[in-house]
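Subject: Structure for you to look at

Hello,

I am handing over a structure that you have not worked with before. Please look through the sequence and the model first, then read the notes below them.

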Amino acid sequence: MNTLETVFAISMGAWFVTEFLYKNMLKSAEEDKKNKDKSTLNILWLAIPFSIMAAVITADHTKLPVVSGSWISYAGEALILVGIIFRFIIIRSLGKYFTVDVTIRQDHQIKKEGFYRYVRHPSYAFSLLTSLGLGLYLNNWLSLVLAFMPPFLAFAYRIKVEEAALIEQFGEEYLEYRRKTKKLVPFIY
């Protein structure tokens, strides 16, 4: 196993462990407004592992390179690491308001600073960056689609559910914030 493969294996392990810990440690509390999630957490926990396994298996069985040369794998690994690290930073910055299930905390406030000044869902954006990185690391067009599209569709559904809950809770304040920001990619989408 070369250095890049070792870093890849470690980063994939770190990705799984951090997501597993988030899922088990950052759930809503008893006093929170629950029942807003509409199974989005379950859908994500189906979509993301499926997409990882499908992308890796596909890369092992087909040769549909995105580009020639190994630089794409290095670029993909860099995106994986950036995605994991910045998702962790975002979750820490949101503090007690971050939960893995769509929930409104008792004293919930809309965060509008830092990454949230530009995008409404930076945690999801960096998770998707990790998925994109996986597809690029594997350097296979079909793997790229399989690594990215299932999580993207799952997050798109979750964003719809989450924003409905935020509009219900905050009304015009959230609608105004939504008009000034993008969903996932600053200045674009």
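In these notes Ala, Val, Leu, Ile, Met, Phe, Trp, Tyr, Cys and Pro count as nonpolar, Asp, Glu, Lys and Arg as charged, and the others, Gly among them, as polar. The model is predicted, so local features need pLDDT of at least 70 and side-chain atom pairs count only at pLDDT 80 or more, while totals for chains, interfaces and linings use all residues. Residues are numbered from 1 along each chain as its sequence is written, and side-chain values use heavy atoms, with hydrogens and water left out.

Pockets

A pocket is an open set of points on a 1 Å grid over the protein atoms alone, with protein on both sides within 12 Å along at least five of seven lines; a cavity is a set of points where a 1.4 Å probe fits but cannot get out, and lining residues have an atom within 4 Å of a point. Grid points are joined across faces, edges and corners, and a volume is the space filled by probe spheres set on the points. Helices are DSSP runs (H or I, at least four residues), numbered from the N terminus.

The second largest pocket has a volume of about 260 Å³. Its lining has 13 nonpolar, no polar and no charged residues. A125, F126, L129, L184 and V185 lie nearest its centre, and α4 supplies the largest share of the lining, five residues.

The largest pocket has a volume of about 310 Å³. It is lined by 18 residues, with E19, L44, W45, I48 and R87 closest to its centre. Two or more lining residues come from each of α1 (3–25), α2 (40–61), α4 (122–138) and α5 (141–170). Of the elements, α2 gives the most, six residues. By class, this lining has 13 nonpolar, two polar and three charged residues.

Cavities

The whole structure holds two cavities of 30 Å³ or more.

Cores and α1

A nonpolar core is a set of buried Ala, Val, Leu, Ile, Met, Phe, Trp, Tyr and Cys residues joined through side-chain atoms within 4.5 Å. Buried means under 20% relative accessible area, exposed over 50%, and partly exposed in between (1.4 Å probe, protein chains only).

The largest nonpolar core has 24 residues, of which W15, L134 and L184 touch the most other members. A second, separate core of 16 residues includes Y22, Y116, F126 and Y177.

In α1, the buried residues are L4, F8, S11, M12, W15, E19 and Y22. Their cover includes α2, α3 and α4.

R178

R178 lies in helix α6 (residues 172–180). R178 counts as partly exposed because its relative accessibility is 32%. Leaving aside neighbours within four places in sequence, R178 is in contact (heavy atoms within 4.5 Å) with R120, E163 and I167.

Regards
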